[in-house]
Amino acid sequence: MQQTYWIEPCSGLGLAVKAGQFISVINVEGGQVADFFAECLDEPTEFLSAAVTLDSNESLRLNLNDLIYTNRYRPMFKLIEDDVGKHDLLFPCCRPETYDFFYQNGQGHPNCFDNINQALGSQRSLIQPINLFMHTQVDEQGKIHIHPSPAKAGDRVILQALMDARIGIAACSVSEGVCNNGRCTAIQVVVSG
């Protein structure tokens, strides 16, 4: 069985997945970042942790066959296919305060923080997602540089769920910077298995 979902630009999607299912996140037009977050289906206090994932994999990068972990150091997803190879583990979801800080336009600005909270029906005070297709580099002085997403139209990642989870995915709302190549586009999600 396969289900296909569409995430409009600057919006989010929440859905439940079962252990063993495959989640394909597809860059429809290319150059678009997707904020990917999840919580355990029956225990939302256990959730995807980019920091624990970084710690457990001992890497600033997410590589093919790496596991994505929860805040309790349990495997949640496995990256089984990756057309792009550039994903960020460092940045939290942007929120109104982010847009005020960097662009002075936070009031009413769509943002991944609100979109994922709404998609999951939650009120988390901080969301640290896996920023799929986001190209960041850390230089020798520790400065983080954001580059345009290298994803091309149709590029995808496929994750296998290792536990029952509720996922929240947002099509990144930043058109002011370079991470989405200066424009926001749609993301497609396919769940199978």
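**Salt bridges**

Me: How far apart are the closest N and O atoms in the salt bridge that K18 forms with D164?
Reply: K18 and D164 form a salt bridge, meaning that a side-chain nitrogen of Lys or Arg is within 4 Å of a carboxyl oxygen of Asp or Glu. This is a predicted model, where local features need pLDDT of at least 70 and side-chain atom pairs count only at pLDDT 80 or more, while totals for chains, interfaces and linings use all residues. Residues are numbered from 1 along each chain as its sequence is written, and side-chain values use heavy atoms, with hydrogens and water left out. For K18 and D164, the closest N and O atoms are apart by 3.8 Å.

Me: How many residues apart in sequence are the parts that K18 and D164 tie together?
Reply: Helices (H or I, at least four residues) and strands (E, at least two) are DSSP runs numbered from the N terminus. K18 lies in the loop between strand 2 (12-17) and strand 3 (22-27), while D164 lies in the loop between strand 11 (156-161) and strand 12 (165-171), so the pair ties together parts whose separation in sequence, in residues, is 146.

Me: Is E46, at its relative accessibility, buried or exposed?
Reply: E46 meets R72 in a salt bridge, with 3.8 Å from N to O. R72 sits in the loop between strand 5 (67-69) and strand 6 (75-82), and E46 in the loop between strand 4 (34-40) and helix 1 (50-57). Buried means under 20% relative accessible area, exposed over 50%, and partly exposed in between (1.4 Å probe, protein chains only). R72, at 42%, is partly exposed, whereas E46, at 4%, counts as buried.

Me: Which residue is linked with E46 and R72 in a network of salt bridges?
Reply: A search of the whole structure finds seven salt bridges. E46 and R72 belong to a network of them, and the other residue linked there is R74.

**The interior**

Me: How many residues are in the largest nonpolar core?
Reply: A nonpolar core is a set of buried Ala, Val, Leu, Ile, Met, Phe, Trp, Tyr and Cys residues joined through side-chain atoms within 4.5 Å. In soluble globular proteins, nonpolar side chains tend to be buried together. Among the residues with the most contacts inside the largest core here are I23, F36 and L48. The number of residues in that core is 48.

Me: Which strands do the buried residues of helix 3 pack against?
Reply: Seven of the nine residues of helix 3 are buried, so the helix is largely enclosed by the rest of the structure. Those buried residues include F113, I116 and L120. They pack against strand 2, strand 4 and strand 12.

Me: Which residues is H109 in contact with, leaving aside its neighbours within four places in sequence?
Reply: H109 is placed in the loop between helix 2 (96-103) and helix 3 (112-120). Its relative accessible area is 13%, so H109 is buried. Contact means heavy atoms within 4.5 Å, and beyond the sequence neighbours H109 touches Y99, S173 and E176.

**Strands and surface**

Me: What is the order of the open sheet of five strands?
Reply: Two strands pair if DSSP finds at least two bridges between them. Strand 4 and strand 12 run antiparallel and are joined by seven bridges, with F36 standing opposite I169 in strand 12. The pairing in the open sheet is antiparallel, and its order is 2-12-4-8-7.

Me: What is the relative accessible area of E58?
Reply: Most residues other than glycine have a negative phi. E58 is not a glycine, yet it has a positive phi of about 50°. E58 lies in the loop between helix 1 and strand 5. This residue is exposed, with a relative accessible area of 74%.
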